[in-house]
Amino acid sequence: MTDSIIDKAKHILGYIPIGLDTAKDWKEQNFDYFFKYFADPNQETRKYSLLVFAAGLENWIIESATIFTPYNEISPDYIFEDYIKSFISNKESIKTDFPALYNHMIICLLELNERKKFNSIAGITSDSLLNDLQILLRETDKNSLKYLAFDEVLTEISEKESFK
């Protein structure tokens, strides 16, 4: 099953070294509940699941795709609340195992928050969850974040060549 998750993630992600905002293949056959794998014991499965989340955030920032939906949608989708719950629940292990990717995702979340993108989901998504997200972002030491450090993410995930 985890090979299937990794394969689906690779189809979504495309060629990572040019950026996660280029993720393109969000088709139904590549859909999965990637948030369920943020704590998976298999490091590769965790990594690819987190990369899909990061790609979804970047696509949202540049408005090339908005994959995250609120719970009131009828079809299975990338439910924002599920991804944020899992991210917050696993933040310490993500930060420890993938510090550059964690840094990158926090920067994306800060950018989306600054642009007030969460407003499109507010009122439908749990207020307590959005509050938890706001607390996480407020408590983030912004001086410790490394902006424009995508090369560090690539080095950390060791995938510079495997997506060619």
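**View A. Lys36 and the ring of Tyr33.** In this predicted model, the charged end of Lys36 sits over the ring of Tyr33, 4.9 Å from the ring centre. A charge sits over a ring if NZ of Lys or CZ of Arg is within 6 Å of the ring centre and within 35 degrees of the ring normal. Residues are numbered from 1 along each chain as its sequence is written; local features need pLDDT of at least 70, side-chain atom pairs count only at pLDDT 80 or more, and totals for chains, interfaces and linings use all residues. Side-chain values use heavy atoms, with hydrogens and water left out.

**View B. Phe31 with Tyr33.** Rings of Phe, Tyr and Trp (its six-membered ring) pair if their centres lie within 6.5 Å; planes under 30 degrees apart count as stacked, over 60 as edge-to-face and the rest as tilted. By this rule there are 16 aromatic pairs. One of them joins Phe31 and Tyr33 edge-to-face, at 5.0 Å centre to centre and 80 degrees between the planes. Phe31 is buried at 16% relative accessibility (under 20% relative accessible area; exposed is over 50%, partly exposed in between; 1.4 Å probe, protein chains only). Tyr33 is partly exposed, at 31%.

**View C. Phe68 with Tyr83.** Here the ring centres are 5.6 Å apart and the planes at 65 degrees, so Phe68 and Tyr83 are edge-to-face. Phe68 lies in strand 1 (residues 68-69) and Tyr83 in helix 3 (residues 80-89), so the pair ties together parts 15 residues apart in sequence. Helices (H or I, at least four residues) and strands (E, at least two) are DSSP runs, numbered from the N terminus. Both Phe68 and Tyr83 are buried.
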